[in-house]
Amino acid sequence: MGVKDRKERQKTEMRDAILSAALKLFSDEGYDNVSMRRIASKIEYSVGTIYLYFKDRDEIFFELHKLGFEEFYKRQLAVQDVKDPLERLTEHGLAYIQFAIDQPMYYDLMFISRIPAKTIIKQHEWKSGNRTYDILKLNISQAKDAGKFKDIDIEVAAFSLWSFVHGISSLFVRDRMMMIPAKAIKPLITGALKFIGRAY
């Protein structure tokens with residue numbers, strides 16, 4: 001490996017270390033309580049080093065926001081090959097909830113924290129969120145075309161299903177499912193998704 005490649009790798013590793021530390025701090029202590037100096041202290045580097053990579057904590061936050069949605073979108077795409085549209089919708093819901101289970105800090109940052117919502121409102125758009133929501137509406141539309149649902153409004157159905165899986169995910173992320181044995185969580189969620197599907 002040449003000097004240039006080594007330097008690029010070191011930059012990538014440092015950037016990843018900053019993002020990883022910031023994600024944990026934002027999750028544990030809250031965005032408003034985390035400064036650039038606090039992030040620097042977490043990885044034992046000077047605050048000046050952090051500023052070489054990110055101009056402020058907002059930029060760090062939104063980079064994490066983007067990375068979270070990229071992974072989230074990949075998981076949604078991964079279930080699109082399921083042939084039966086109703087089964088695909090169930091798998092879509094499972095993929096959503098599994099993301100929250102696997103990445104609770106990212107889920108909290110993406111869907112529970114108020115910080116991104118404030119900026120999204122200012123920007124009047126939410127490209128990463130809209131892209132994932134559009135897949136949900138597409139799956140519902142395809143299920144309707146296959147005769148699985150009758151006389152449903154796709155927007156109403158999408159909002160209802162999203163609210164449903166978000167509720168489950170939020171309960172998990174906020175440690176409100178402690179009364180449910182770990183081995184029972186997936187069967188329970190699968191059953192709940194099938195139950196809500198039959199409601200349509």
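Hi everyone, let's begin with charges: this structure holds 11 salt bridges. Please keep in mind that what you see above is a predicted model. I'll walk through a few of those pairs, then turn to a helix packing and the overall fold.

The first stop is helix α1, which covers residues 3-29 and contains both E13 and R9. These two residues form a salt bridge, and their closest N and O atoms are 3.8 Å apart.

The side chains of R75 and D102 come together in a salt bridge, with 2.8 Å from N to O. R75 belongs to helix α4 (residues 57-77) and D102 to helix α5 (residues 85-102), so this pair ties together parts that are 27 residues apart in sequence. As for D102, a relative accessibility of 39% makes it partly exposed.

Next, have a look at the loops. K148 makes a salt bridge with D84, and here the closest N and O atoms are 3.6 Å apart. Which parts of the chain does this pair tie together? K148 is in the loop between α8 (127-145) and α9 (154-173), while D84 is in the loop between α4 and α5, so the two parts are 64 residues apart in sequence. Both ends are partly exposed: K148 has a relative accessible area of 37%, and D84 has one of 33%. There is a network to point out as well: R15, E63 and K66 are joined into one by salt bridges that share partners.

Let's move on to how two of the helices pack. When two helices pack, we describe them by the angle between their axes and the distance between those axes. For α5 and α8, the angle is about 155° and the axes are 8 Å apart. The crossing of α5 past α8 is left-handed.

Who takes part in that contact? On the α5 side we have P85, R88, L89 and H92, and they meet I135, L136, N139, I140, Q142 and A143 of α8.

Let's zoom out to the protein chain. It has 10 helices and zero strands. The C-alpha atoms fill a box of roughly 60 × 40 × 40 Å along the principal axes. The chain has 200 residues, of which 38% count as buried. What about contacts between residues at least 6 apart in sequence? In this chain, 68% of them join residues at least 24 apart.

You'll find D175 in the loop between α9 and α10 (182-198). With a relative accessible area of 48%, D175 is partly exposed. How far is D175 from L19? The two are 156 residues apart in sequence, and their C-alpha atoms are 24 Å apart in space.

Terms used. Residues are numbered from 1 along each chain as its sequence is written. This is a predicted model: local features need pLDDT of at least 70, side-chain atom pairs count only at pLDDT 80 or more; totals for chains, interfaces and linings use all residues. Side-chain values use heavy atoms; hydrogens and water are left out. A salt bridge is a side-chain nitrogen of Lys or Arg within 4 Å of a carboxyl oxygen of Asp or Glu. Helices (H or I, at least four residues) and strands (E, at least two) are DSSP runs, numbered from the N terminus. Buried means under 20% relative accessible area, exposed over 50%, partly exposed in between (1.4 Å probe, protein chains only). Axes are lines fitted to C-alpha atoms, for helices over the stretch in contact, and angles run from 0 to 180 degrees between N-to-C directions. A crossing is left-handed if the near helix is turned anticlockwise from the far one by less than a right angle, and right-handed if clockwise. Contact means heavy atoms within 4.5 Å.
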